[in-house]
Amino acid sequence: MESTSSNQSERVETADELSAKVAAHAAALARDHKKLGRELELFAFDDDIGKGLPLWLPNGTVIRDELERLMKELEFQAGFQRVATPSLAKRSLYYRTGHLPYYAVHMFPFMECDDRAREGVGEDAAAAPSEPEVYCLRPMNCPHHHKVFALRKRSYRELPLRLAEYGQTYRYEDSGAVSGLLRVRAMNMNDGHIYCTEEQVVPECLAVLEMHRRVYDLLGLCNWRVRLSLREGGPGAKDKFVEDDEGWAKAEGLLREVLSRSGLDYEEGPGEAAFYGPKIDFQFRGVTGREETASTLQLDFAMAERLGLHYTGRDGAEHRPFILHRAPLGTHERFVALLIEHYGGAFPTWLAPVQVCVIPVAHEFDEHARALSLELRARAIRAELDDGSDGLRKKLRAASLRKIPNLVVVGERERQSDSVSLRRHGSPDQQVLPRAEFIAQLATEIAERRR
């Protein structure tokens, strides 16, 4: 019998298919956050500062500030209390939490601090510590928040206790893994921790997931999927996770109930859990096709035992709280990278670094244009005046390249009628509005964070 070849030829792409693929690739490159970050002057990196350590420029800092303002509002409405904690701590704390030695590879080198060497050895030298203290730049904020909880006795009446902070953290990522803002070595995290009873775990998790949904809907994000990250099935599971089969079974069961009640579709991620408990991850895919965890909700059943955290229950006895670790926006760095690519750098007005560019058609209208820009700024609207020597067409082109969402042109007609000519980014249309109406509309659009 004659054998058939297993090397069958693959289907050749048609010219139209190849053109479509090339066009899609070019469109993806045009939205790459590293490219747009340079062009729009959002962030930068410098060899003298160090790899993976971003410099946030004025335009990028506006975006960070607006996102932080949004989350502070949502967290206040959800009953969170804000704290502020230092960016370093003693190495011994991370041994107590269990992050060391397992997490050491992701931490910057430790710092030895000998107070005797700084203060000089005098008569009290014998009373000074015999060994220098060792400090770490923190790779996460959790231990600091746990210490806030532990500062005094807690009652069940205080639970759930919700703490939040935009905390600066540092992780020594491998050099080859560092990539723009998606993977950095210094990051500002939208962190929060909820200390609660077992009965409160499910409703608190559902409230956190609702916060995620509100944020994603507001920003127009839809390219995400949910992963339930579990202990079993991953490589090196015995060495990677806390040994407590009963605790894992309970925690994973609680998160399955949360997802079932939330109605969210999800996939399971064996071996992707945190070492202290399972988690719900929100996975986003960037324009390059690379998938990243942008947001997370973790159920921690182990840390309270390690740090001796407890509260007094209704029965008068001491109980260990469950701890929820939540970060709806993850880190500023990664989330801003995703937003740059999502919007292609053309941010909605409330989030845009410059919200309005006021352009006089000739120098004789400079003062009128300046008065309008100052009025806008008095209303906390980020307005910029272009009174340079270029012609109108060139000014409009420059503002468009910067993706400023609102371009306002003023000339003799606008001065006489107390109006403005408004052009929206990406639209060829122009509309004439009374000045007061334009300002009121813009203020409402910003306050409501419209897209």
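This is a predicted model: local features need pLDDT of at least 70, side-chain atom pairs count only at pLDDT 80 or more; totals for chains, interfaces and linings use all residues.
A pocket here is an open set of points on a 1 Å grid over the protein atoms alone, where a 1.4 Å probe fits, with protein on both sides within 12 Å along at least five of seven lines; lining residues have an atom within 4 Å of a point.

The lining has 42 residues, and Y103, R171, K279, Q298 and R334 are the closest to the centre. Strand β12 (291-300) gives the most, seven residues. Strands are DSSP runs of E, at least two residues, and helices runs of H or I, at least four, numbered from the N terminus.

Now the salt bridges, meaning a side-chain nitrogen of Lys or Arg within 4 Å of a carboxyl oxygen of Asp or Glu. The whole structure has 40. In one of them, D281 pairs with R227 at 2.9 Å, N to O. D281 is in strand β11 and R227 in strand β9, so this pair ties together parts 54 residues apart in sequence. D281 also bridges to K279, again at 2.9 Å. Separately, E173, R183, E292 and R334 are linked in a salt-bridge network.

On conventions: residues are numbered from 1 along each chain as written, and side-chain values use heavy atoms, without hydrogens or water. Local features need pLDDT of at least 70 and side-chain atom pairs 80 or more, while totals for chains, interfaces and linings use all residues.
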